[in-house]
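Good morning, colleagues. Please keep the display open as I speak.

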Amino acid sequence: MKIGICAFSATLMLLLNGCGTEHQKNDEAKVIPQLKNKLADTHSSTDLKNKARAKLNCKMIKVLLHPLPHELELSGKTHCVSPQACSLEIGSLSIQELLFVEDFKARWMKRFGAELEAGKAGKLHIVAGIVKKNKSLQEAGKKGVLDLKRLADRPNPEQAYSIVTNQSNGNLNVYLAANESSGLYYALRMFEQLVLASSRKQEVAVPEVRIIDWPDIKARGLWGGVGRKFAFEGDSELSEFGGLTLNEVNFALYPTISRDMSFRLGVDNSRFERGRRHNVNIVPRVSHMEHLLKRPGLFFGDFPELRAKGKDGGGMNRFWCYAHPNSQLLLDRFYEGIARKVESNQFCIWPTESRPPNGEGPCFCPACKGDARAYFTNEIKHIIHAWRKAQAIRPSLKLTLITSQGTYPYNDDILKLIPKEVRIDLYGGSGPGNTYINEINKQLLAGYPVAKWRQQGYRIGVVPIFALSCDGAARAMLFPFMTPSLVKMRMMEFVDKGLEAVMAWLPFDSFNTAAMAEFAWNAHGRTPEEFAVSWAAQKRLKSPALAGKIICMLERPAVALSMNMRARTMIRCVQSLAFRMNGQKAPWSPRYDMLRGFEARIQLDGSGRTVHEEVVHMLKTCHDAIKLCRKVDDEELTTGALLLTQWITVIENYTAFLKHQQDPKLAKKFKADISPLIAELPKRWETWIATLDLNKRLLKASRLDFAKVMKEFNQQTDAGEKELVTE
Ligand SMILES: [Zn+2]
């Protein structure tokens, strides 16, 4: 079959012309403004039309790629061949690399119904491999087709790859070159995206392309469990995760050691193997140190003598006494068990997260003397000692150490004790150094001297929450579309500060996870709206440009709402409204005041609006978004917009009440109006969440108890009503 140049593929045509109304065509044109005009001009010459088409083709392919490659050149020409005329040459590969290729070939077979022939035959000839082991790639480098020097000196070179097409003797060669196996994995996945974006049903279409790409951040991943459940057991989840370019997920390990020092470590070792198959590093982690001694029968709970001695001589439930000789012995045994039984080369541990009360303690035995600094430094010494002993058994066992709100005042002291090869992920759950912070107007790591530590040669990562209302433990999602601007802002900070790892709390749904993956790979590439457009295009929405616009309109109210409200705190937030409307002060911290997020937004923008004006403005934006949703006709988008609109309507009613509370008639009206508005929320939330492709196990575990919220809210308002009556 002769190689032809396809001006357009079916997919691209669909994206361009699939929308029926003139309105939607105009929306598409926002992505590609001048080109659309050129195409509409029937008087232009064929040549001009071809040029315009080529440019349009480039734009359309680019929008479908995830994440956006750092260096991407498309000529606009696409070569089409029969699936029977394609071949693949791989050179020498490791077993791991061969598995990547096998999976790639299986997906190819499924899509095109024909095997990729081995060897050099074929009109389309793909050469995929590791440069140092592949002569064809080396030759392409010598001829200047591939820039192997640039490929080799990219950041995170083990994950970098290059894809270059080259015509020779009437055939098309495609080179997928990588320095190491991870890079090969990404080269194969990106090439697949390029082909799928362009191909018709019975034809393989390959756009002429030149890519050199690498990730900004080395380790990009999620906390992979809901409680004790690990959410990435299945191949399909791991394949999706790896395909998004995320490469690390950790899970909670629940070891126990009983008094006879017998060690039990329930772990299914096959999960590490399954992860590796999709280029995902699955890492076991153990709970915070002070959780280990806490309960008899759990972890190391059968060793009460190792617990800290309280000031009054009684045992302190959770903390350790590191002066006790058996404390080191126990940890050594534990790490030994990891080294012998867990088939992972990385292991993650958390120091104590609780702060000893009043900055002293927690152990007041004659050796510890209530010295909190010594407590945390001794803990690190214990951990490092045990890990070194484990390395004697398994030399490849690497350690990730996570800081905590407990270690925060002593981080400089503990860093001095940590070897430079250990990765240190910064985490703080509350107080100064909080990486779960809910405000968007701050640099997340302002409280950490990252530059100094990086200069000293430490490997630094971070554990943030990106979807603000996503509850860390339960993963419940209250609001849609919270991430693109926030994640980009955070990732730019992390990349600029030279962080090596981002391990986020995030519900594993398509939008948020894709946003995290996009900006962890290429933080300075797309704008938040460009990302949203790309997500919508990949989802094959009717009008990606319009969908992207709607998502960015909705992010603002979503972030304002979620700034103080997480799944665990929603009941109190909603109850606070009821208290306030009854003229009472809520008996808990003002951080449950729902208006804080809106106040923060006003401060951030410097708009000078009152809270009520801000909320009215957001409500208008929500209504505008709903109108636009009709043109996109996507359930996730529409139900998400309706949910946010309902919430903002509740808040608008509340701020109107506050504004008019001196007027008894008006105040009574707003008070009467709010209950039915709130009663509508659960249904709206259920409808929206049902449209998400969230992992089912996660969804089940994260179901919010809206019934409880409503019951408590109604009880509160009823009580208020009664009081009013008795007055
Ligand atoms: Zn002690």
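Let me begin with a definition: a residue is buried if 20 or more other C-beta atoms lie within 10 Å of its own, exposed if 12 or fewer, and partly exposed in between, with C-beta atoms placed from the backbone. By that criterion, 49% of the 727 residues of the protein chain count as buried.

This is a predicted model, in which local features need pLDDT of at least 70 and side-chain atom pairs count only at pLDDT 80 or more, while totals for chains, interfaces and linings use all residues. Residues are numbered from 1 along each chain as its sequence is written.

The protein chain holds 27 helices and 22 strands. Here helices (H or I, at least four residues) and strands (E, at least two) are DSSP runs, numbered from the N terminus. Two residues are in contact if their C-beta atoms, placed from the backbone, lie within 7 Å. Of the contacts in the protein chain with a separation of 6 or more, 74% are between residues 24 or more positions apart.

I turn now to the barrel. It is closed, has 8 strands, and runs β9-β12-β15-β18-β19-β20-β21-β22 with parallel pairing. Neighbouring strands of this sheet are turned by 30° against each other on average, direction ignored. For that angle, axes are lines fitted to C-alpha atoms, for helices over the stretch in contact, and angles run from 0 to 180 degrees between N-to-C directions. Two strands pair if DSSP finds at least two bridges between them.

How many bridges link β9 and β22? There are 4, in the parallel sense, and Arg220 stands opposite Val502 in β22. Strands β12 (residues 248-253) and β15 (residues 281-286) pair in the parallel sense over 6 bridges; Val249 has Ile282 in β15 as its bridge partner. Between β15 and β18, which run parallel, there are 2 bridges, and Arg285 stands opposite Cys348 in β18.

Cys363 lies between β18 (346-349) and α13 (372-393). Is Cys363 buried or exposed? It counts as buried, because 27 C-beta neighbours fall inside 10 Å. Leaving aside residues up to four places away in sequence, Cys363 touches Ala308, Lys309, Phe319, Cys321, Cys368 and Tyr375. Its C-alpha atom is separated by 8.2 Å from that of Arg307, 56 residues apart along the chain. In this loop between β18 and α13 we also find Pro362, and the peptide bond from Gly361 to Pro362 is cis, with omega near 5°. The buried residues of α13 include Tyr375, Phe376 and Trp387.

A cis peptide bond also joins His66 and Pro67, with omega about -10°; Pro67 is placed in the loop between α4 (46-63) and β2 (71-81).

Let us consider helix α17 (residues 510-521). Its 12 residues reach 16 Å from first C-alpha to last, close to the 16 Å expected at 1.5 Å a residue; the expected span is 1.5 Å times one less than the number of residues. Why is α17 described as largely enclosed by the rest of the structure? Because 11 of its 12 residues are buried. Among them are Phe511, Met516, Glu518 and Trp521. The cover over the buried residues of α17 includes β9 (219-223), α16 (484-496), β22 (501-504) and α18 (528-538).

As for the nonpolar core, the term denotes a set of buried Ala, Val, Leu, Ile, Met, Phe, Trp, Tyr and Cys residues joined through C-beta atoms within 7 Å. The largest one has 208 residues, of which Ile163, Leu176, Ala177, Ala187 and Ile550 touch the most other members. Helix α19 (residues 544-562) gives the most to this core, with 12 residues. Each of domain 1 (4-213) and domain 2 (550-726) supplies at least three residues to this core; these bounds come from an automatic or database domain assignment.

Finally, two backbone details. Arg540, in the loop between α18 and α19, has a positive phi of about 60° although it is not a glycine. With 13 other C-beta atoms within 10 Å, Arg540 is partly exposed. Asp633, in the loop between α22 (611-632) and α23 (635-659), likewise is not a glycine and has a positive phi, of about 55°. Asp633 is partly exposed, with 14 other C-beta atoms within 10 Å.
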